[in-house]
Amino acid sequence: MVITQGQYTAEEFIQKKIELLKDEVEPFFAVDLEDVCNKHIRWITSMPRVKPHYAVKCNDDVNVIKLLSYLGAGFDCASKGEMKKVMDLGVSADRIIYANPCKQSSYIRYAEECGVETMTFDNEQELLKIKQIYPSAKLVLRLVTDDSNAVCRFSMKFGADMKTACRLIEKAKDIDMEIVGVSFHCGSGQMTSKAFVDAIQNARTIMNYGNKLGFTMNLLDIGGGYPGNTGTEDYFAEIAAAVNQAIDNHFPDDGSVRIIAEPGRYYVASAYSLATNVIASRDMIDNETGDEKYMYYINDGVYGSFNCVLYDHYVPEPCLLAKNESNEKFTSSIWGPTCDGLDCIQTSIKMPKLVIGDWILWKNMGAYTISAAVQFNGLPYGKPIYFMSKQFWDTIKEAYQPPRRKSQYDAQLMRLNSTDCSNEIEDDMLPWILEDPIEETPVVTI
Ligand SMILES: Cc1ncc(COP(=O)(O)O)c(C=O)c1O
């Protein structure tokens, strides 16, 4: 956690950090929590009727969860592990939706024990299973969507079509299960706002049917799929305008229906910038053209933070930090550090020549990166370093105040006192470290 005097961009912060690093070249993320906060402000001002429930699967960093909890968001959890993580941080069960249509029985039991009442389903077997385990659960029926314009599609796996949805409502009525609303997900990286508009209209139809059969359908969940990379602000505004119009048309603001969403990438994508180091390189000659080509090996790859290349269809763009005198560009490829040939981040890109030890910055790396990374080949992946201005820290530091335990505090104090740390450590930051999973990260000011 680094508190800066004044405002730094991620790139400026990374430059500064690298200057201070000397020989240490492990990959790291510069995490801009103010960006997450600004996203929240944009959300609640753009879609004031839609309460965001952050999709924890996208990035389960406790410091993001704490901040969003402090800002008043709810949470979409996909498993027992996520529910536990969020509740351990003090979030109450009524702020959680268990939004996984196909759930392990023991996790449904766990939800009941903890008081997480609201959960999604999309088929009869799941309905019968929940009836057996948690008969008083409040069910949300997930509808299928047209996600053909999304980067990551889910409709082949989840969601009931309109006819099936009506049958499920009838079945729920027969077995005395309570359906409280409808959800959908238009696919992650959805490229058209029309997908949201159509899905909202379908939700209205199904909720009308539920009401007709005697249910009180009072929850609409418009899922995730909202863009979060830098530069997608206009597209987000377009989706927000279309969603607002559609909910005003189909769900007049009379207090009868609560509207929520499950944004994941929207909140975190742009807040995380990854810094990686060139650890090896190979010069080659293209046999056909005789041109020089280069292969660069960096210290994070597709088993680590760049798993988004495989799972999220992401094409990360390198941003070179080293100043290169020559403007000449060469065909280059960028590889991860493991011994696997699959571990390739860029197969072919024109870049200036790099040397071992150069740093490469990757922006928009917060979504579906660290949450699925592993240390394959015993190699670490990017570790988050949170940076923010003193002014911002002062506004949000309450989010990071844990219930203080004296023994913990004293131990931390002793450890920090015995560390040779040339940076200034501020006493009032110590409580924050106590709750930090990455305890080695000192609080410093620059
Ligand atoms: C049920 C559910 N909700 C929300 C999300 C978050 O989607 P996004 O990150 O595109 O907003 C996902 C992503 O997989 C999901 O499966």
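Predicted model: local features only at pLDDT ≥ 70, side-chain atom pairs only at ≥ 80, totals over all residues.
You can find Cys339 in the loop that links strand S16 (330-335) to strand S17 (344-351). An unreviewed UniProt entry gives this residue the annotation "active site".

Now move to another residue that carries a UniProt annotation, Lys57. The unreviewed entry lists Lys57 under "modified residue: N6-(pyridoxal phosphate)lysine". Like any residue with a count between the two cut-offs, 12 or fewer for exposed and 20 or more for buried, Lys57 is classed as partly exposed, because it has 19 C-beta neighbours inside 10 Å. Look for Lys57 in the loop between strand S3 (50-55) and helix H3. Setting aside neighbours within four places in sequence, Lys57 is in contact with Ala78, Glu82, Gly264 and Ser371.

Gly264 turns up again when we look at the ligand. There are 16 residues around the ligand, and those that come nearest are Ala55, Ser188, Gly224, Glu262 and Gly264.

Finally, follow the chain to helix H3 (residues 62-71), which packs against helix H2 (residues 33-46) at an angle of about 35 degrees, with the axes 10 Å apart. Their crossing is right-handed. On the H2 side, the contact is made by Leu33, Val36, Cys37 and His40, while H3 brings Asn63, Val64, Leu67, Leu68 and Leu71. Sorted by class, this contact has seven nonpolar residues, two polar ones and no charged ones.

Notes:
Residues numbered from 1 in each chain as written. Near = placed C-beta within 6 Å. UniProt positions renumbered as here; feature names shortened; annotations may be inferred. Helix = DSSP H or I, 4+ residues; strand = E, 2+ residues; numbered from the N terminus. Axes fitted to C-alpha atoms, helices over the stretch in contact; angles between N-to-C directions. Left-handed = near helix turned anticlockwise from the far one by under 90°. Contact = placed C-beta atoms within 7 Å. Nonpolar A, V, L, I, M, F, W, Y, C, P; charged D, E, K, R; others polar.
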